[in-house]
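The sequence and the model come first, and the description follows.

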Amino acid sequence: MNRAALSDRISHVWAESVAFGATLFHRLDVATRLPAGVMRQSYGPGEQAAHDLVTEAARGLDLDVQTDAAGNLNMTLPARNGSGPGWLTGSHLDSVPSGGNFDGAAGVVAGLVVIHAFRRAGIQPETDITVIATRGEEGSSWFSGPHKSHFGGRAALGQLSADEMNAAKSVVDGRSLAQMIRAVGFDPDLVAAGPPAIVPASFRGFVELHIEQGPILDHRNVPAGIVSGIRGTLRARNAVAHGAYSHSGAVPREFRRDAVFAASEFAMALEAQWDRWLTQGRDVVCTLGRFHTDPEQHSLTKVSGEFRFTLDIRSEESELLAEADRFVRQTAEGIGERRRVRIDLGSIDRSPPAVMSADLRASLRACTDRLGIAALDLASGGGHDAANFAAAGIPTAMIFVRNPNGSHHPDEDMSITDFGCGARLLAELFLS
Ligand SMILES: [Zn+2]
């Protein structure tokens, strides 16, 4: 049967499959929503409840269900003709504290909806389709200590060390990640020792469906997006401008070493540079998330001698992050010299952007054309498991679904119709 005929069969059963997804979303919500929002703590009871529900749904679809040493769930619909690299799709089932029902879960439910449709339409895929539900993607909200979050996805790729699992401590009760992995029945020693559960060469591609975490699709009135790349970051977590405290009435300007005006000039210089980058058509966002004098010392009548701020610059382009690195250092030094205020940016860390597969993006674009689904190309501003899979060498793509209320809070929203559009692209892609 050719692809158009198979696609027709999917279309016939699609409404029923999306309804199956809607029911699963509802059950996840009921099981894990508290008054303050959805609570699926990484390696905690909420995440486990979500894994239990999804396992039950996968068994209902008669899938091959496996967990790896880190507790990631792999649910596979086997191919018609045996082996060969398969498709991997899915996302995480944890949430931020007081989060919403769709961040993460949408990607797992989408994979199961696609498989539901294949089952109902009587289609066996050309290659295996595995839906992965990862653990601990939101680790940065649930664990303190030196760690790189995205625990389950990185564990599956063999990138989570014993040191990191011992150093990451739960902000809820102080237990280490290793203890928590053990408490839900999995094996941190095996995670550290390997071998990795995911061998990149065994997959022809990883495609993660996720709600958009910004306002672009909603603003442009488009249900879905094809992610062009996941922005990398340049971050200074502890920048300090060191000037000198002095009397606000008695000290003339030429004697001042005002940390507030120095930091403000730095902020305005960065914004002007941001404008120049945008004028050049570059992808970049800049944020000074914390920006403050010392509340123990500041007063109406003092020139402030110290000012602290953070810096978070993100771009899809490695070259832009390198330029930004040079720009912030030179600007801090120039302003500091002129104003006799030392602007110490502290340590600056950089994470590279994740490149999405051009082939998979083109295939998804062809799917939107065939199905008549409107989709926008856009960058991902947030980090995702997809970035780790892409960096490990698996051809990777992401589908975004419109989300009118933003994410990482309880009011996060997504219409089931929009979800159906995004998941339908996934089903179409997996027909080939
Ligand atoms: Zn997410």
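## Terms and basis

Helices (H or I, at least four residues) and strands (E, at least two) are DSSP runs, numbered from the N terminus. The model is predicted: local features need pLDDT of at least 70, side-chain atom pairs count only at pLDDT 80 or more, and totals for chains, interfaces and linings use all residues. Residues are numbered from 1 along each chain as its sequence is written, and side-chain values use heavy atoms, with hydrogens and water left out.

## Overall build

The protein chain contains 14 helices and 21 strands. Its radius of gyration is 24 Å, close to the 22 Å that the globule rule gives for 432 residues, so the chain is as compact as a globular protein of that length. The radius is taken over C-alpha atoms, and the rule is 2.2 Å times the number of residues to the power 0.38. Along the principal axes, the C-alpha trace of the protein chain spans about 85 × 45 × 40 Å.

Of the 432 residues in the protein chain, 55% are buried. Buried means under 20% relative accessible area, exposed over 50%, and partly exposed in between (1.4 Å probe, protein chains only). Contact means heavy atoms within 4.5 Å. Among contacts in the protein chain between residues at least 6 apart in sequence, 78% join residues at least 24 apart.

## Helices α1 and α3

Two packed helices are described by the angle between their axes and the distance between the axes. For helix α1 (residues 3-32) and α3, the axes come within 8 Å and cross at roughly 140°. Axes are lines fitted to C-alpha atoms, for helices over the stretch in contact, and angles run from 0 to 180 degrees between N-to-C directions.

The residues making this contact include I10, W14, F20 and L24 of α1 and V109, L112, V113 and F118 of α3. By class, the contact of α1 with α3 has 16 nonpolar, 3 polar and 2 charged residues. Ala, Val, Leu, Ile, Met, Phe, Trp, Tyr, Cys and Pro count as nonpolar, Asp, Glu, Lys and Arg as charged, and the others, Gly among them, as polar.

D29 belongs to helix α1 and is buried, with a relative accessible area of 18%. Apart from neighbours within four places in sequence, D29 is in contact with V38, R40 and N101. L53, in helix α2, counts as buried at 11% relative accessibility. Leaving aside neighbours within four places, L53 contacts L24, R27, L28 and A31.

L431 lies in the segment after α14 (416-429) and is buried, with a relative accessible area of 7%. L431 and L6 are 425 residues apart in sequence, yet 7.4 Å apart in space, C-alpha to C-alpha. Not counting residues up to four places away in sequence, L431 touches R3, L6, S7, I10, F118, I123 and E126.

## Backbone exceptions

Most residues other than glycine have a negative phi, and most peptide bonds are trans. D62 is not a glycine, but its phi is positive, near 60°. D62 is in the loop between α2 (45-60) and β3 (64-67) and counts as exposed at 59% relative accessibility. N221, also not a glycine, has a positive phi of about 60°. The loop between α9 (216-220) and β10 (224-230) holds N221, which counts as exposed at 58% relative accessibility.

A cis peptide bond joins G194 and P195, with omega about 0°. P195 is placed in the loop between α8 (188-193) and β9.
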